[in-house]
Amino acid sequence: MKKTFSFYAIIWALFLALFNVIVFVTPNELGGMSKFGGAFWVGYVFITIAFIGQLVCAYFAFKPSENQKLFYNIPLISISYVGLIIMLIAGTACMAIPNLPNWIGIIVCLLVLAFTAVAVLKATLAISIVTDIDQKVKTKTYFVKALTVDAEHLMNTAKNAELKALAKKVYEAVRYSDPMSNAVLVEVEEKIQNGFSDFENAVNGEDYELATSTSNELLSLIDIRNKKCKLLK
């Protein structure tokens with residue numbers, strides 16, 4: 001995050017500097033009138049606020065270390081960027097129109113700022129909701145994913161062809177099981193976990209008969225779980 005945001009901040013600083021150079025190197029008088037009159041300073045201040053706000057949004061968008069969460073935050077950057085562009089247009093108009101009343105410039109820029117702020121808040125809320133859902137899905141799929149890893153490891157470490165064949169059946173049954181868990185499945189999942197432990201001990205102990213019986217019981221429990229998963233949908 002630090003490198004990405006640092007690179008982004010450098011680009012942001014360059015654009016802010018460019019904006020200030022363009023504003024202050026242009027002639028002070030245009031058409032016999034001072035460019036600093038009217039709503040010039042209103043436009044300048046609001047554009048600067050928009051630049052700062054965009055940088056703050058970028059900071060929070062680049063803050064997550066996980067790529068998936070960073071992907072979720074892309075709309076936050078996009079919305080703040082669009083808001084900055086609109087503010088540049090509105091603020092530049094306030095700065096360029098001679099003798100534009102300050103109150104008009106303030107109202108126009110405030111409307112743009114409010115629109116951007118609301119859009120950013122909506123995007124932040126949406127990101128929070130999606131992140132929570134993603135976390136819940138990860139939690140609900142953890143049981144099958146973890147058991148799949150254990151079953152695959154047992155299959156790869158089985159010491160003979162017969163035991164490896166039994167372990168493969170269990171691995172495939174787990175691998176193709178419904179990944180979503182549910183509170184009502186806690187009891188059967190506990191039985192599956194205990195059954196897998198018994199099967200694992202039998203395979204590691206090279207007890208083919210015990211491995212056969214425990215694998216059959218385990219496959220039956222997995223089948224019961226899958227049928228219950230279908231009932232929950």
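Colleague: Is Y81 buried, partly exposed or exposed?

Modeller: This is a predicted model, in which local features need pLDDT of at least 70 and side-chain atom pairs count only at pLDDT 80 or more, while totals for chains, interfaces and linings use all residues. Residues are numbered from 1 along each chain as its sequence is written, and side-chain values use heavy atoms, with hydrogens and water left out. Buried means under 20% relative accessible area and exposed over 50%, with partly exposed in between (1.4 Å probe, protein chains only). Because Y81 has a relative accessibility of 47%, this residue counts as partly exposed.

Colleague: How are the rings of W41 and Y44 arranged as a pair?

Modeller: Rings of Phe, Tyr and Trp (its six-membered ring) pair if their centres lie within 6.5 Å, and planes under 30 degrees apart count as stacked, over 60 as edge-to-face and the rest as tilted. The structure holds 10 aromatic pairs. For W41 and Y44 the ring centres are 5.7 Å apart and the planes stand at 85°, so the pair is edge-to-face.

Colleague: What are the centre-to-centre distance and the angle between the planes for Y59 and F60?

Modeller: Y59 is partly exposed at 34% relative accessibility, and F60, with a relative accessible area of 46%, is partly exposed. Their rings form an edge-to-face aromatic pair, with values of 5.4 Å centre to centre and 80° between the planes.
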